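Here is a colleague's note for someone opening this structure for the first time. Please keep the sequence and the 3D view at hand while reading the numbered points.

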Amino acid sequence: MGSNQRTSLLFLFTICFLFFSCSKYSDKERQEDIGKLLQSNEIQRKAHLFGDAELLVSQIADSMTSVRGGNISNASNSEIKKRFEYYFNQVQYIKWDDLEEPRIKISDDGSLAKMYLRKIILIRGKNENDEWEKGATVFAWTATHKKINGRWKIISNTSTRNDLDKANYNEYYSEGLAAYREKDFTKALDNFEKSYWLNTENLAVLYSYSKALIQNNKYEKALKIVDRIADKRFYLLSNIEEDSTFNKLSSLSGFETVLKKIEAAKKPVNNSEIAFIIPEKDLVPEGVAFDNNTGKLYLSSMYKRKILLITKDGKVSDFKKEAEDDLLSTFGMEVDEKSNHLWVVSAFDPQGMTTQEKVIPQTAKSRIHKYDLTTGQLIKKYDYDNKGENHFFNDITVASNGDIYMTESMTSKIYKIPKDKDELELFYQADPLFFFLNGLALNEDESILYVASTEGISALNLQLKNWQLIRYPADVSLEGIDGMAFYNGTLICHQTGYPNNSINQYSLDETGYRITGTKIIESHNPNFDQAATGEIAGNYYYYLANGQMGSAYVWNEQGIPVSIQPMEELEDIVILKVKLN
């Protein structure tokens, strides 16, 4: 072979080597593409929850083939957009969530990908009587993606569906409990599983679901659920070794790890110090407000229907005496430092409260009071005429422009008092699924109002009036939140009654719709007895340690408080403070 031939062959070999080296789809590229496909799934979720058809079709190719219900159809991107614009005007998505991790397969050359997804879809729409109705469906589908100009686009979709006969997880949960009591464990499992589909994070559901799985000999799956519960520090697991049902998991590898997590959750985290001790034991306080201009703290009283003032040096006096200005039991309070006003929620529910000076309404009622902080004079009282219907304002917050927002717990509403109108008005009606709206807080730019409910924390976009649950890591539970405060991109949440006897600080991502991390501010403090609420004071957080809203009362057989406990059974009221990072 001549030198020219050898040179030509070497050149061809080099070209082939470079071609195949450059064209090979690397593991790094594959992992990057998996991330991009998962991001596309998140974008589609956002599009459904916000009702944004344009955002949705940004993930779809110029045309898409669909296979469903025994039919094959093709539609252009513009046709799909038009269809979803109409659909989003008819319904609102409450959930569009994965029931399991998406499965992804990418072709060897990285040009095509299949995503296998299983989701719970919960929507609501108005019926012919202009009433909201909900529907729930479990979908499973395969979405084929093609890389077009470097971006993944959906080119086909094959789907199946399982419509549920109930859209409320509580209904399945109640039927599951009844079946479990009757030892019909097969029926119990069926109902708990459907309840789980509708609320994959509810701790009571997870706990019951795990027990039903054990009773049906599905031990490995049960252990995975129990491990999830342990990650969330759920207090009901604290005596797991004494429960004969869970003992059936003891031989499985991984059970010891669960026990270690449970023990770790019992350890106290104590960062707080006592700020004030108030010897008036029978206050049954709930709300706290702080005036950064003066350093004064205000404390509510459910039982005595009044408001206390505490100075920086710890002197305590009545800012408002018992039942003054027609105060009912006092709850949430907030200082408007620009206007020098104190806003107060006062409310009463005959089915769940008692007071020293009696209130005798037939239904739950509530009102808002606005006070001048300098004079203590009532500026205005905002009564809500509920026309015989139960109505209960709970917590309150003040925007920087002077607008007031408050939660109404019995009918899942957000009310507002705009500064310019100075009148109480309905701002947003949440779906009844989000029951007992409680703590609320505005984010830094006041575009989002965070609202706690039985379902967790929802983000209400104030401009769009869009409501959706915020997302969070697997080791977090957002149940049982009472008071809530926003601080430097985090939410401080009181969860001392349920589920983990802690005050937690949750970090938010840049969108404000996802929690990225958790810090326990305080847990298992010996003073804790319903540490309901607190207030930011510079870089400190002042909060009520022991509202005693349960332990302070004598309860009858119907679960209604009828009187206060003897004074020797009550504790001094403790206000704690902690420095925030």
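**Notes on a predicted model**

1. In helix H2, the buried residues are Asp-33, Leu-37, Ser-40, Asn-41, Gln-44, Arg-45, Ala-47, His-48 and Leu-49. The model is a predicted one, and the points below should be read with that in mind. In general, an α-helix has 3.6 residues a turn, so residues three or four places apart point the same way.

2. The length of H2 can be checked against its residue count: at 1.5 Å a residue, the 24 residues of this helix (residues 27-50) should span 34 Å, and the distance of 35 Å between its end C-alpha atoms agrees with that. After H2 comes Gly-51, which has a positive phi, near 65 degrees.

3. Strand S12 (residues 306-310) is mostly covered, with five of its five residues buried. Lys-306, Leu-308 and Ile-310 are buried on one side of S12, and Ile-307 and Leu-309 are buried on the other, so that both faces are covered.

4. S12 has a strand partner in S11 (residues 296-301), with which it pairs in the antiparallel sense over five bridges; here Ile-307 of S12 stands opposite Ser-300. The two strands form a hairpin with four residues between them, and in the turn Arg-305 has a positive phi of about 55 degrees.

5. S12 is also joined to S13, by four bridges and again in an antiparallel arrangement, with Asp-318 in S13 as the bridge partner of Leu-308. This pair, too, forms a hairpin, with five residues between the strands and, in the turn, Gly-314 with a positive phi of about 90 degrees.

6. Which kinds of contact do the aromatic rings make? A search of the whole structure finds 33 aromatic pairs. In one of them, the rings of Tyr-180 and Phe-185 have centres 5.0 Å apart and planes at 65 degrees, and the pair is therefore edge-to-face; both residues are buried. The pair of Phe-319 and Tyr-371 is edge-to-face as well, because the planes stand at 85 degrees, with the ring centres 5.8 Å apart.

7. Since Phe-319 lies in strand S13 (residues 316-320) and Tyr-371 in strand S16 (residues 365-372), their pair ties together parts that are 52 residues apart in sequence. Phe-319 is buried, with a relative accessible area of 11%, and Tyr-371 counts as buried at 0% relative accessibility.

8. Elsewhere, Tyr-207, Phe-234, Tyr-235, Phe-246 and Tyr-498 form one aromatic cluster. Charged side chains also meet rings: the charged end of Arg-124 sits over the ring of Trp-132, 3.7 Å from its centre, and Lys-577 lies over the face of Tyr-540, at 5.2 Å from the ring centre.

Terms used: Residues are numbered from 1 along each chain as its sequence is written. This is a predicted model: local features need pLDDT of at least 70, side-chain atom pairs count only at pLDDT 80 or more; totals for chains, interfaces and linings use all residues. Side-chain values use heavy atoms; hydrogens and water are left out. The expected span of a helix is 1.5 Å times one less than its number of residues. Buried means under 20% relative accessible area, exposed over 50%, partly exposed in between (1.4 Å probe, protein chains only). Rings of Phe, Tyr and Trp (its six-membered ring) pair if their centres lie within 6.5 Å; planes under 30 degrees apart count as stacked, over 60 as edge-to-face and the rest as tilted. A charge sits over a ring if NZ of Lys or CZ of Arg is within 6 Å of the ring centre and within 35 degrees of the ring normal. Two strands pair if DSSP finds at least two bridges between them.
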